[in-house]
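Here is a friendly briefing to read alongside the sequence and the 3D view. Please keep both open as you go through the points.

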Amino acid sequence: MLSTMQDGPLSLAILLEYGATFQSAATVSTWTGDGLRTMTFGELGQESARLANALRSLGVGKDDRVGTFMWNNNEHMAAYTAIPAMGSILHTLNIRLFPEQLIFIANHAEDKVVIVDGSLVPMFAKYLPSLKTVRHVIVANGDAASLEAPSGVEVHSYTDLLASQPDTFDWPDIDERSAAAMCYTSGTTGDPKGVAYSHRSMWLHSMQVCASNGMALSDADTTLAIVPMFHAMSWGLPHASLMAGASIIMPDRFLQPEPLLAIMAAEKPTFAAAVPTIWQGVLARLAVAPQDISHLRDVVVGGAAVPPSMMRTFDDEYNVRILHAWGMTETSPLGSVARPPAGTSGDEAFAYRITQGRFPASVQARLVGDDGSVLPNDGKALGELEVRGPWITGSYYSPDGAKIDPDKFDNGWLRTGDVGTISPNGYLTLVDRSKDVIKSGGEWISSVDLENAVMGHPAIAEAAVFGVPDEKWDERPLVAAVLREGAEADAEKLREFLADKVAKWQLPERWAFINEVPKTSVGKFDKKRLRAQYADGELNVINLS
Ligand code: ADP
């Protein structure tokens, strides 16, 4: 029997209209260095209509890809809302990618138009001659005349282009299964691969971001969206804000600890989201310039494991709760959030909070062993995490239908490449990425566990651990550590510090002290680069064995 229920499409055009009317008082604001420029969601609706009309006037139609090469700001928010709502496809380009990768991605996605921030024009100008399908470039927040157009490409000023456009648009009916936005993985472990989110997946994902077991966004919140809009859709915050009527603050290019803390001091956001390295920097700044940040009810941290020592510092010294979350570009990205179960407190609750979190109903998860067998969710069995569900990708985008990386899929499940355990009550604990696990004498060492233990030492600002070849054990861990300013510690002392924290055979003998851990385009430890530095003899390695 079929249900009697209506089959209304989950379309981002409907979401935009909702946000712009029934949540019209909420705001999106951009930090300018000393204050905010603010638009209400009502004004965002009008700006989105002007942008959609402008894009239509340039010939952008259904399914055409419109790239963005931008910081988090009001204009990027308008692109997020207008492009999918008009039936075209938003493609966020990661401004921090290596040039070859960026060019590959824009050509692969066949972007027709790119909206570029004025401050990024000098960088974009180097790529533009290699972008084969781009016909129009729109420069926002800057001088369009500063960009020299190759033949066949027209350059426009965002302000001028939108000025004469009507502030209403006849948003089309959209099939909820059609693509709304595209992101490419940042290639931490390989070539970038494209994921195309649907209207349906983004709508359902937004509901999960708003859910109480997700990020619990509501109209009482002001979110500081530090996580870039060019990476994994800013963790779904822009669209979820529209749904919740939550105000959202965009830091633009001011991503260093000082300006982030200045925004917090001025605007007292209730919620913030960023990768651990950003929060490490904020903590280091707070240590020398204390400031009350307890206005933050929750800070979502994910993208890489949160060191428990960092979570403790936020708890004890700043009265701010870190919410640890796991996800990937392929999972929209919200996969799991580490809220402790009701009734737990103290150490028991903390033990849950440092896991990667509990899966919501829409994310099915299982562990698979080396032999392909499905392992029990007993909190002990260690295997590769596989997930499936309505906002998990089922393949990678391919312009010609060729299968890209079919090995990443296992009968409808996405193979995440993450290795861990799942407890009987659905909490994921990641041990490592399968590529980063160190195999020493047939046993596994988690590079993440070692990093967290080393970063628990007061003299250490950050530390990355990776496996290096060893004649006797095949592989052994090497710790690349960064000392805090003015702090002193040597390899011997640090190893002693670890003695009661990790198994004896895991104690690292190889240490290198470096000025900074190299980071990927999205701020994660770049172990590919560290491995290359080691192979090229660039690290000054101390060996205690
Ligand atoms: P990339 O694969 O290019 O780094 P993603 O941002 O999609 O880009 O990265 C997803 C990966 O990040 C996950 O597969 C996982 O390895 C890692 N990750 C994300 N969140 C966490 C977390 N909370 N703890 C540990 N690792 C995480």
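Where is the place of P333? P333 lies in the loop between β14 (322–327) and β15 (334–337); helices (H or I, at least four residues) and strands (E, at least two) are DSSP runs, numbered from the N terminus. This is a predicted model, in which local features need pLDDT of at least 70, side-chain atom pairs count only at pLDDT 80 or more, and totals for chains, interfaces and linings use all residues. Residues are numbered from 1 along each chain as its sequence is written, and side-chain values use heavy atoms, with hydrogens and water left out.

**The chain as a whole**

- The secondary structure of the chain comes to 15 helices and 28 strands.
- The radius of gyration, taken over C-alpha atoms, is 23 Å, close to the 24 Å that the globule rule gives for 545 residues, so the chain is as compact as a globular protein of that length. The globule rule is 2.2 Å times the number of residues to the power 0.38.
- Along the principal axes, the C-alpha atoms fill a box of roughly 70 × 60 × 50 Å.
- Of the 545 residues, 59% count as buried. Buried means under 20% relative accessible area, exposed over 50%, and partly exposed in between (1.4 Å probe, protein chains only).
- Among contacts (heavy atoms within 4.5 Å) between residues at least 6 apart in sequence, 67% join residues at least 24 apart.

- Strand β1 (residues 27–31) is mostly covered, with five of its five residues buried.
- T27, S29 and W31 point one way from β1, while V28 and T30 point the other way.
- β1 runs antiparallel to strand β2 (residues 36–40), and five bridges join them; two strands pair if DSSP finds at least two bridges between them. V28 has M39 as its bridge partner in β2.
- Four residues separate β1 and β2 in a hairpin, and G33 in the turn has a positive phi of about 115°.
- With strand β11 (residues 247–250), β1 pairs in the parallel sense over three bridges. Here T30 has M250 as its bridge partner.

**Two helices in contact**

- The axes of helix α1 (residues 12–21) and helix α7 (residues 199–210) come within 9 Å and cross at roughly 45°. Axes are lines fitted to C-alpha atoms, for helices over the stretch in contact, and angles run from 0 to 180 degrees between N-to-C directions.
- α1 and α7 are therefore oblique to each other: angles under 35 degrees count as roughly parallel, over 145 as roughly antiparallel, 65 to 115 as roughly perpendicular and the rest as oblique.
- L12, I14 and L15 of α1 make the contact with H199, M202 and W203 of α7.

**Backbone points to look at**

- Most residues other than glycine have a negative phi, and most peptide bonds are trans.
- The peptide bond from S332 to P333 is cis, with omega near 15°.
- A216, in the loop between α7 and β10 (222–225), has a positive phi of about 55° although it is not a glycine. A216 counts as partly exposed, at 24% relative accessibility.
- K268, in the loop between α9 (257–267) and β12 (271–274), has a positive phi of about 45° and is not a glycine either. K268 counts as partly exposed, at 46% relative accessibility.

**A buried serine**

- S241 sits in helix α8 (residues 237–244) and is buried, with a relative accessible area of 0%.
- Not counting residues up to four places away in sequence, S241 touches F41, L217, A246 and I248.
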